[in-house]
Amino acid sequence: MKSLVLFFLLCLSFWSTAQSRLYGSVIAGTYQMGDMKALQRDIRDGYIREGIPVKSVTSFSASLQGELGYEIRLRKITLGGFVNYAMTEGRIAYADYSGAMAATQQLKRVALGVKFMRDLGHHLHLYGKLGVCKTFLDIKSETNFSTGHSYGNGYSFDAVGATFEPGVEWEHDVKRFTFFAQAGYEINVNGKTKYDDNIYLENSNNEAIHVNWSGVRVAIGTAFWLRKRD
Amino acid sequence: MKPFYSFRRPWTLSWLLLLCLSACMFDRGDDNFVQVDPTPHEENIGDILYSFYAGAYYPLVDTLWLTDHEYLYIKFSNGKVKSFEIRIDGISSPYDGSSRPITSDNLAGGPHALEITATVGSGTTSLADQSGLETFKHSYHYVLMIGKKNFQPQITSIRQADGTIKLSWNKYPYGDFQAYKIRKADGRADLFSPYRELTVTDQNQTTLEDHTYVGGWIGYTLVVDQGGKFLPSGEQLSQFPYQPRMRLSAENNSLQLSWDQAPYYKNIKFMSASRGTEQLAANIDKDKLSIDLGETAPVFGEVADYSLVLYADVEDPGKIPEDKISITTQLTVGAPVPTFKDVVYNEANDVYYFVNLQFYHNDFPDGIYKLDKDLNIIDSTTAYSAYYDDDARLMQSPDGIHLYAVREYLITEIDQSNLTFPKYGGPAGGFQLDGMAASNNNLFVYTTNGSNANVNILDFATGQDVASVPSAGPAHISPDGQYFITGAKLYHANGGSYALKSTLPYANVRYVHFLAHEQKLLISTDAQVIVYDYAGDTELTRYAYSTGQNEEPGFNEHTLEYTSAKTSFELLSIRDGSIRSVPIRRRYAYPKYYAEGNYLFTSLQTGFALKLH
């Protein structure tokens, strides 16, 4: 108990002397999604075999992510935590005068983790983000006819994984705000994409299909210092 | 006041970057809208097929026929028909495509309106078409006839013409026609024998050239295909004889086998020829009428079996045995002529008469044939018969005016203009055919059978014998009827009878013959041939020439040559005593050789004639 009290006091003294800030950023990301793209091709080929000449109109293209975080700066070291939200989708579609159909694989991810930064001077920082994430996959198909008939169906899956992103951050301070830009590369691994505890997504070779958010990250953001800086 | 936006303001720069990123990041692509022609595809309507008893299906033309207790099924093909409805006389039928066929139940006899409405996929390839939701309806209108048809198929003619066989039949008049099927099979075979089927799908076509016929008896049956129901005619048996008249001839010291063209030559694909089991030539072109065997010619009478095989011009040879016809004939060198028992040459008309009577194998019908100088048959009659096949003999008066035949132990005169038999007469009971002869005035010399044989003179006008003397050997009568001879005994007319005039000084007489146009008598003995003046009772000439006891000698009035067959056929001219020889093949006493007119004749399974040069 004494050691806990001692650790709390130490943190309090540390907090009382450190500079901290809240930040928000918008991140442009690209994604590997190799398994998802293969699954999309399988779905597309299935429709073509049935005589519907569908085409892949979106194939897990780059998208914007949002991130919020809290950081504490200790001289040249910055420690913090973040929460990140990302989404992308694959979509095949066909339409003519008689109606339209589309099949989508919609992916959403929430990541939670810690962030570390080291000041390199000249407003530059080396950073690393480490976190856990959960991905939600919705596979849906929908057909609408000009006669008013429509039908569709969908299935939802999820996967749990880990993420690590090293990168470089450039900062510019304006009074109590700091504007920053980041560039990095996210390495992401996920477990099986599960429908429930017993059912998970497989390809035609009975191999588990994995979500892979790995890709380049470029971000801009703004941080607000909670105390007026010296 | 600072402007709201300025590139010098960091947040302005940030938001601009954000806008650009947003524009790039949220491009979801187009919807892949494809221009598709919405016009329905008429070809998807498809064809309606029907079947009696769910057997084979046939295209529905315009009429369906149902008799009592019959039922039929409908289905579609070659289209995208998703479902269909049947209405009979405007009333929806419970037909469901399989378990409930169309029946004649509850339908009155006669015509009914049959409407079939199909729901057809549009075929536009649009999304709705591919999903099966885009369809259109198409209606078909037919006549459903309830009742029996008044029709019996019949082959009305089968004839040979233009190098093939032509068939005609009566037209099937109803609208459920599918095809005429002409089945041909061995007419003597049973129902399960293989048959060839020739199909005509044009209802208006009622003739057909059967290009598959190459001979033999064929049974033709016309079957009208009414879509799974078959209405047959009776079987029509037909045969178109082909006597190829195969013949052997020596051309340029090489043996040639030749034959006449088949009347249905267009039906032949190719031919082959063989001798016995030896194949002489294969794949002979159908238009060829001879082949060169590259051999020296056999002697006259040396026979072998020659076969000519005709192969029908069909794509599936061997389906029925009649695709291939083999015609086999015994051949020797010489022209083929009718099989015969006796032959005479009529110099006055330059024609040959044959009498044919064969109780075994025979290529020609029994009867009497008249052939021109080139041995073409110019007349014949089959109104001729005999008790035995040896009971056939021709005789003519020396002047050639009267022609006679022995028929059932009676002498019958033959009208040479039409080969009819205007008069019968002659001796009752048996008599020898050899040595029987006629004069110019209707007198006959004949010899009765038995150990106490007599030579008799018959008056054909009265049918009575006018003389009868004991036989002393072969007999003959003079052209004027005033003389007759038996052996060496020469008789002369004396009032109403005959008296012995003289006994000639010759022994072992084998043959006697009064010349037709000279008052001379030819007598052959075992070693000599003598020419005798019977009026002056003087020997004129004699030649050394042996005649055996069973050699069947003869005299050719046309060439004035005496003949007696040995291993070669020797002809002795009584003019100058010269002898010419024709090699022959002689097997025991058979066959017999005849020198008549310009030919040497013999008769095997076919008759043959070798021209004497």
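Is B:Lys166 buried or exposed? At 17% relative accessibility, B:Lys166 counts as buried; the cut-offs are under 20% relative accessible area for buried, over 50% for exposed, and partly exposed in between, with a 1.4 Å probe and protein chains only.

A quick word on the ground rules. This is a predicted model, where local features need pLDDT of at least 70 and side-chain atom pairs count only at pLDDT 80 or more, while totals for chains, interfaces and linings use all residues. Residues are numbered from 1 along each chain as its sequence is written, chains are lettered from A and ligands numbered from 1 in the order in which they are written, and side-chain values use heavy atoms, with hydrogens and water left out.

## Domains and cores of chain B

Chain B is assigned domain 1 (42-146), domain 2 (155-238) and domain 3 (248-331), with bounds that come from an automatic or database domain assignment. A nonpolar core here is a set of buried Ala, Val, Leu, Ile, Met, Phe, Trp, Tyr and Cys residues joined through side-chain atoms within 4.5 Å. The largest one has 58 residues, and those with the most contacts inside it are B:Tyr180, B:Ile182, B:Tyr220, B:Leu257, B:Trp259, B:Tyr264 and B:Leu600. Domain 2 and domain 3 of chain B both give residues to this core, so it lies between them. There is also a second, separate core of 23 residues, including B:Leu66, B:Leu72, B:Phe136 and B:Tyr142. In soluble globular proteins, nonpolar side chains tend to be buried together.

## Where domains 2 and 3 meet

The C-alpha centres of domain 2 and domain 3 of chain B lie 29 Å apart. Across the boundary, 19 residues of domain 2 of chain B are in contact with 19 residues of domain 3 of chain B, contact being heavy atoms within 4.5 Å. About 1,500 Å² is buried between these two domains of chain B, and carbon and sulfur atoms give 54% of that; buried area is the accessible area (1.4 Å probe) that two parts lose on being put together, summed over both. On the domain 2 side, B:Gly163, B:Arg196 and B:Val214 lose the most area to domain 3 of chain B, together 43% of what that side buries.

For polar links, the rule finds eleven residue pairs in polar contact across this interface (both at pLDDT 80 or more). A polar contact is a pair of N or O atoms within 3.5 Å; within protein, one must be able to donate a hydrogen and the other to accept it, and residues adjacent in sequence count only if both atoms are side-chain atoms. On the side of domain 2 of chain B that touches domain 3 of chain B, the elements giving two or more residues are β11 (164-169), β12 (179-186) and β13 (196-200). Strands (E, at least two residues) and helices (H or I, at least four) are DSSP runs, numbered from the N terminus.

## Salt bridges

A salt bridge is a side-chain nitrogen of Lys or Arg within 4 Å of a carboxyl oxygen of Asp or Glu. The structure holds 31 of them over all chains, and the count between domain 2 and domain 3 of chain B is two. Here are some examples from chain B.

| Salt bridge | Closest N to O distance |
|---|---|
| B:Arg87 and B:Glu85 | 3.2 Å |
| B:Asp176 and B:Lys149 | 2.6 Å |

B:Asp176 and B:Lys149 are both buried. B:Arg87 counts as partly exposed at 27% relative accessibility, and B:Glu85 is partly exposed too, at 33%.

Over in chain A, a network of salt bridges links A:Arg21, A:Glu71, A:Arg73, A:Lys115, A:Glu169 and A:Glu171.

A:Thr78 lies in strand β4 (residues 77-96) of chain A and is buried, with a relative accessible area of 2%. Its side chain makes a polar contact of 3.1 Å with that of A:Arg73. Leaving out residues up to four places away in sequence, A:Thr78 touches A:Glu71, A:Ile72, A:Arg73, A:Lys115, A:Phe116 and A:Met117.

B:Lys181 lies in strand β12 of chain B and is buried at 14%. Beyond four places in sequence, the residues B:Lys181 touches include B:Glu197, B:Thr221 and B:Phe230.

B:Leu522, in strand β43 (residues 521-525) of chain B, counts as buried at 0% relative accessibility. B:Leu522 and B:Leu167 are 355 residues apart in sequence and 61 Å apart in space, C-alpha to C-alpha.
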